[in-house]
Amino acid sequence: MFEKNEHSVTIIGEGVKLEGDFSGQGDLELYGEIRGNVAISGFIKIGRGSTINANVSAERAEIAGYIKGKLVVKKDVDLLASAEVHGDIKTHQITVAKGARISGKIITDGKSETTEKSAPNKKEPSD
Amino acid sequence: MYFYIYDEFLSHPKWQTRLAKMESRLSLLGIKGPVNHLRPLTKITEVVTRAITRGAKTLIVVGDDRTLLKLINCMPNRKKIACGLVCLGPMNKLAETLYLDGEQVGVEAIAARKLLCVNLGKVNKTFFLQRIDLSTSKFTAIIDDKLIIKTTSPQSHISILNPSLAYNSRGDVDYLDCHITPIKNRLLAVKSIKSGTSRIPIKKLTIKSQEPITIRVDQEKKPNVYSLTAGIAPQAINLIVGRKRIG
């Protein structure tokens, strides 16, 4: 829907409802409501009081609102205190604030970039 | 070949001195050409067609923003013809965006011939350069024929902006910016409580409403409608812009 090269932010404000599948490049900030699948290649911010009833796929996510559906995030997920997720979460790393509610599985691969960079290269023993 | 179209209001005597100065400068720069004055019964589409038939490669309107808008509505599908504006008159917001405010700056810009190919927006059958502003209630909007938008507030303001014409744009943006601002309290017109504005990039927007939609195209009021379709006409026009304009 909004496939363009430059970095840009789509904002769905409070009091606005979207129905349908929503996809593209760039970031998304949600303060309203979406019914439909969301697939973006950037950062998604789900503000407090907002709702998504569908599956969500993004590179990074910050959740303070309500999601009913599967959440697949390539890098990091931050669940803030007001977050409520009803569905599975699949991500690289997750932070869950006190008070966040989750009803579903959380699957992380757990490898951090710093761990991979600092691991010494194994040398083969010399004869 | 340069062809000049003078807006109707310039026939008033108060503009004659400035016009004479402008024409003298055009002669000096070697860019003078045939002139046609718009009259109450003259259709600009006929003037433009006649000019192009006579071999005009550059059409210059002398007037204000409204004159330029009259010209651009004749120009889609005629990308080979460059369009310019010499700004003389009260409304010059578009001229400022193009760095063409003032007749001297306009004349120098024609001589320098810096061209910018920009997208046009289209709402129903009218093209717009910079923006349209809508106000309505109880509407349903469909974005790109697949996303449905509704608001919960009694009234909403919708603006559709052409980022191709922004100050720092090179004219190659392939979308329009749709801004939707729900207004919570309709009665408090002066101090209306507004919710946050949504910003959605679009290529096409269809709006249907049970109540009349008030519409302004590039600041000019148009008749109310009950439905409209707005979209983008990519790379539709070649505009002469000022030297300071990026592009």
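Helices (H or I, at least four residues) and strands (E, at least two) are DSSP runs, numbered from the N terminus. This tour covers a predicted model, in which local features need pLDDT of at least 70, side-chain atom pairs count only at pLDDT 80 or more, and totals for chains, interfaces and linings use all residues. Residues are numbered from 1 along each chain as its sequence is written, chains are lettered from A and ligands numbered from 1 in the order in which they are written, and side-chain values use heavy atoms, with hydrogens and water left out.

**Stop 1: V241(B)**

Select V241(B). It lies in strand β14 of chain B. Buried or exposed? V241(B) is buried, at 2% relative accessible area. Buried means under 20% relative accessible area, exposed over 50%, and partly exposed in between (1.4 Å probe, protein chains only).

Now show what touches V241(B). Setting aside neighbours within four places in sequence, its contacts are L98(B), L100(B), A109(B), K114(B) and L116(B). Contact means heavy atoms within 4.5 Å.

**Stop 2: strand β4(B)**

Select residues 82-87 of chain B, strand β4. How many of its residues are buried? The count is 6 of 6. In a regular strand the side chains alternate between the two faces of the sheet. Colour A82(B), G84(B) and V86(B) for one side of β4(B), then C83(B), L85(B) and C87(B) for the other; both faces are covered.

Next, bring in the partners. Two strands pair if DSSP finds at least two bridges between them. Strand β3 (residues 58-63) of chain B runs parallel to β4(B), with 6 bridges. Look for V61(B) opposite L85(B). Strand β14(B) is also parallel to β4(B), joined by 2 bridges. There, A82(B) faces N238(B).

**Stop 3: helix α2(B)**

Select residues 44-53 of chain B, helix α2. Its buried residues include I44(B), V47(B), V48(B) and A51(B). Viewed down the axis of α2(B), the buried residues fall within an arc of 95 degrees, so they line one face of the helix. The arc is that of the directions from the helix axis to the C-beta atoms. An α-helix has 3.6 residues a turn, so residues three or four places apart point the same way.

What do the buried residues of α2(B) pack against? Show β1 (2-6), β2 (35-37), β3 and α3 (65-72) of chain B. Then step just past α2(B) to G55(B), where phi is positive, about 100 degrees.

**Stop 4**

Select D218(B), in the loop between β13 (204-217) and β14 (220-241) of chain B. D218(B) is buried but has no salt bridge, that is, a side-chain nitrogen of Lys or Arg within 4 Å of a carboxyl oxygen of Asp or Glu. Which side chain of opposite charge is nearest? It is R131(B), 6.9 Å away. The D218(B) side chain instead reaches the backbone nitrogen of Q130(B) at 2.8 Å.

Move to Q219(B), in the loop between β13 and β14 of chain B. Q219(B) is not a glycine, yet its phi is positive, about 75 degrees. It counts as partly exposed, at 42% relative accessibility.

**Stop 5: D145(B)**

Finish at D145(B), in the loop between β8 (139-143) and β9 (147-151) of chain B. Its phi is positive, near 60 degrees, in a residue other than glycine. D145(B) counts as exposed, at 53% relative accessibility.

Conventions
Lys and Arg count as positive and Asp and Glu as negative; His and the chain ends are not counted. A polar contact is a pair of N or O atoms within 3.5 Å; within protein, one must be able to donate a hydrogen and the other to accept it, and residues adjacent in sequence count only if both atoms are side-chain atoms.
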